[in-house]
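Reader: I have a structure to look at and some questions about it. Can we go through them one by one?

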Amino acid sequence: MKPLKLFAIVVLAAAVTGCFENRRNTDQLCKDNPKLRCERMNQNDGQCKLPRTKLIWHRYDSFRNPSDAMLIKEYALTAEYKKCIELASQIQTIDQGDLRRKRFNALVNAGEDLETLVEKIRKSSSPDALYFLWSQTGDESARRSFLQLEGKPALETAEMQYALATFYTSRDLEKTVKLLNKSLELSDGDNLNTDIFKSLASINYQINQKEQAYVWAMVASAFEVPVIASAQEMKLLYGFSEDKYKQLDDIADDIQSALDSGKYKRSMMPKFN
């Protein structure tokens, strides 16, 4: 047998073995931990296997390390699973009975689980919980409580500064820019929210800070965040001189490096006339 063909067979066998092993591990996890409520999902069904497995293992981690952040992540994973099972429940199957009923029940259960998670999160007054309740359920009381924390240590994290910025986006653009920059300053390189780059490019353009807008568009492009125009199109849009473009590109490179290493400071962006 040719070595390359043998290698392909070994790789395929390892992949198949890994697939079965992962299935066995998840099934065993459910069997050993009834509190995971795996029976409420569409078990032993090829549809929605990935979101279902992610949700089950996250629940397991959440039981071992409970926190508001874990509940909020579970809400997101449950919503992802619900979206998948909603589509799967519409698929016509040869066995029209048990499988369709299982998927429909799983869909109903996922909806109930989302409501239960919201009620659990309502019991907390942490910034994470307050922001979740405000942004996801429209809870005005949670919004007021969250905004009352502005300027206090509880919101001095990259995530919460970004959350606060979302409130000011339609109210105070300059303050939004300040908060987004603070969020980046508090990031360590691992929890970098790359959506901020596009936001800073857009807002700076709106307030006629064209140089800053271009720099952030270049940073966004460097981090492979989709931007509206290509680098060449942006150069036509802004109309700077070649020397100015070189200066701005150098600034963008420096900012990218600082963001990667968690050492970004807003002062790295010069003030332009």
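Author: Start with a definition. Ala, Val, Leu, Ile, Met, Phe, Trp, Tyr, Cys and Pro count as nonpolar, Asp, Glu, Lys and Arg as charged, and the others, Gly among them, as polar. Keep in mind that this is a predicted model.

Reader: How do the residues of the lining of the largest cavity divide by class?

Author: The lining consists of Arg40, Met41, Leu55, Arg59, Thr78, Tyr81, Ala106, Asn109, Ala110 and Asp113. Apply the classes: Met, Leu, Tyr and Ala count as nonpolar, while Arg and Asp count as charged. The lining of the largest cavity therefore divides into five nonpolar, two polar and three charged residues.

Reader: How much space lies in the largest cavity?

Author: The structure holds one cavity of 30 Å³ or more. The space in the largest cavity is about 40 Å³.

Reader: Now the largest pocket. Which of its lining residues are the closest to its centre?

Author: About 500 Å³ of space lies in the largest pocket. Its lining has 20 residues, and the closest to the centre are Ile72, Asp128, Tyr131, Glu159 and Met160.

Reader: Which elements give two or more residues to the lining of the largest pocket?

Author: By class, the lining of the largest pocket has 11 nonpolar, six polar and three charged residues. The elements that give two or more residues to this lining are α3, α5 and α7 (158-168).

Reader: Which residues make the contact of α4 with α5?

Author: α4 passes α5 in a left-handed crossing. On the α4 side, the contact is made by Val118, Ile121 and Arg122. By class, the residues of this contact divide into five nonpolar, one polar and one charged. The α5 side gives Ala129, Phe132, Leu133 and Thr137.

Reader: What is the angle between α5 and α6, and how far apart are their axes?

Author: α5 covers residues 127-137, and α6 covers residues 140-147. The two helices are oblique to each other. Their angle is about 140 degrees, and their axes are 8 Å apart.

Reader: How many nonpolar, polar and charged residues has the contact of α5 with α6?

Author: From α5 come Pro127, Leu130, Tyr131, Leu133 and Trp134. From α6 come Ala142, Arg143, Ser145 and Phe146. Arg counts as charged. By class, the contact of α5 with α6 has seven nonpolar, one polar and one charged residues.

Reader: Is the crossing of α6 and α7 left-handed or right-handed?

Author: α6 and α7 pack at an angle of about 120 degrees, with their axes 11 Å apart. Their crossing is left-handed.

Reader: Last one. Which residues of α7 make the contact with α6?

Author: The contact of α6 with α7 has six nonpolar, no polar and one charged residues. From α6 come Arg143, Phe146 and Leu147. From α7 come Met160, Ala163, Leu164 and Phe167.

Notes:
Residues numbered from 1 in each chain as written. Predicted model: local features only at pLDDT ≥ 70, side-chain atom pairs only at ≥ 80, totals over all residues. Heavy atoms only, no water. Axes fitted to C-alpha atoms, helices over the stretch in contact; angles between N-to-C directions. Helix = DSSP H or I, 4+ residues; strand = E, 2+ residues; numbered from the N terminus. Parallel < 35°, antiparallel > 145°, perpendicular 65-115°, else oblique. Contact = heavy atoms within 4.5 Å. 1 Å grid on protein atoms, 1.4 Å probe; cavity = no way out; pocket = protein on both sides within 12 Å on 5 of 7 lines; lining within 4 Å. Points joined across faces, edges and corners; volume = space filled by probe spheres on them. Left-handed = near helix turned anticlockwise from the far one by under 90°.
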